[in-house]
Amino acid sequence: MNGPMNSVWTIGYERASRPAVVGALRDAGVDILVDVRAVAASRRPGFSKTVLANSLAEAGVDYLHLRDLGTPKAGREAARSGRHKEMRAIFAAHLEEPAAVAAFERLVVVAAERRACLLCYEADPACCHREVLAERLAEDRGVAIINLRVALPTG
C-alpha cells in the first residue's frame, strides 16, 4: 500500500451501511476520515457527525469535519438534479473563498501526515465534490486518488 503522502482515499455512503463504510476504511488502512459535507447530518441512520465519529473511534479511525470544504447549497441542488458540471463549477468557485482555502490547507497537512479518506454522500465519486478535492490534491501535491467502493446490501 502507498503511504499517506502518496495517496488520498475517498468514500461515499449512499446506499451503504455504516458498518460497511467503517469496514472499508479499516480494510484500506485509513486512520482518519475527513468529512467534507457542509452539513454533517444525514437522513441515513448512523451517518450524522456524532454517531459516525463514535463508530469510527471504536474502529480506531479518527474523524475530522471540514465544513468549509462542503458544497454550497446551490452546488448540492445541482448535484441532486444531475447537473454535475454545474456543481463542479460552483464548488470550484467556492474553493476560492478564504474559509475554503484555509480548510483545504488543513486537508493538505492532514493528508500529508495521515492515511486520510474524504467522505461525502454520493456513491459515485464523479458525481460528488469530494472528487474535485481529491483531484486538486492530486494535481497540487502529486498524490494518487483511491476511490473506495462499499459492498452494498443485497435484496
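## Basis of the description

Helices (H or I, at least four residues) and strands (E, at least two) are DSSP runs, numbered from the N terminus. The structure is a predicted model, in which local features need pLDDT of at least 70 and side-chain atom pairs count only at pLDDT 80 or more, while totals for chains, interfaces and linings use all residues. Residues are numbered from 1 along each chain as its sequence is written, and side-chain values use heavy atoms, with hydrogens and water left out.

Two aromatic pairs are present in the structure; rings of Phe, Tyr and Trp (its six-membered ring) pair if their centres lie within 6.5 Å, and planes under 30 degrees apart count as stacked, over 60 as edge-to-face and the rest as tilted. Tyr13 and Phe47 make a stacked pair, with 4.2 Å centre to centre and 10 degrees between the planes. Tyr13 belongs to the loop between β1 (7-12) and α1 (18-28), and Phe47 to the loop between β2 (32-35) and α2 (49-58), so this pair ties together parts that are 34 residues apart in sequence. Tyr13 and Phe47 are both buried, where buried means under 20% relative accessible area, exposed over 50%, and partly exposed in between (1.4 Å probe, protein chains only).

Tyr13 also pairs with Tyr121, edge-to-face, at 5.3 Å centre to centre and with 80 degrees between the planes. Because Tyr13 lies in the loop between β1 and α1 and Tyr121 in the loop between β4 (116-120) and α6, the pair ties together parts that are 108 residues apart in sequence. Tyr13 has 3% relative accessibility and therefore counts as buried, whereas Tyr121, at 33%, counts as partly exposed. Tyr13, Phe47 and Tyr121 form one aromatic cluster.

## Other residues of the β1 region

Thr10 is located in strand β1. With 0% relative accessibility, Thr10 counts as buried. Setting aside neighbours within four places in sequence, Thr10 is in contact (heavy atoms within 4.5 Å) with Cys117, Leu118, Pro125, Arg130, Ala134, Ile145, Ile146, Asn147 and Leu148.

Arg15 lies in the loop between β1 and α1. Most residues other than glycine have a negative phi. Arg15, although not a glycine, has a positive phi of about 65 degrees. The relative accessible area of Arg15 is 49%, so Arg15 is partly exposed.

## Helix α6 and its partners

Helix α4 (residues 84-94) and helix α6 (residues 129-141) have axes that come within 9 Å and cross at roughly 55 degrees. Axes are lines fitted to C-alpha atoms, for helices over the stretch in contact, and angles run from 0 to 180 degrees between N-to-C directions. The two helices, α4 and α6, are therefore oblique to each other; angles under 35 degrees count as roughly parallel, over 145 as roughly antiparallel, 65 to 115 as roughly perpendicular and the rest as oblique. The crossing of α4 and α6 is right-handed, a crossing being right-handed if the near helix is turned clockwise from the far one by less than a right angle, and left-handed if anticlockwise. Met87, Arg88 and Phe91 of α4 make the contact with His129, Glu131, Val132, Leu133 and Glu135 of α6. The residues of this contact comprise four nonpolar, one polar and three charged; Ala, Val, Leu, Ile, Met, Phe, Trp, Tyr, Cys and Pro count as nonpolar, Asp, Glu, Lys and Arg as charged, and the others, Gly among them, as polar.

Helix α5 (residues 98-113) packs with α6 at an angle of about 65 degrees, the axes being 11 Å apart. This makes α5 roughly perpendicular to α6. The crossing of α5 and α6 is right-handed. Its contact is made by Phe104, Glu105, Leu107 and Val108 of α5 and by Leu133, Arg136, Leu137, Asp140 and Arg141 of α6. By class, the contact of α5 with α6 has five nonpolar, no polar and four charged residues.

Lys49 lies in helix α2 and, at 33% relative accessibility, counts as partly exposed. Not counting residues up to four places away in sequence, Lys49 touches Arg37, Ala40, Tyr63, His65 and Arg67. Lys49 and Arg37 are twelve residues apart in sequence, and their C-alpha atoms are 9.9 Å apart in space.

Gly60 is placed in the loop between α2 and β3 (62-65). Gly60 is exposed, with a relative accessible area of 54%. From Gly60 to Arg26 the separation is 34 residues in sequence and 8.1 Å in space, C-alpha to C-alpha.
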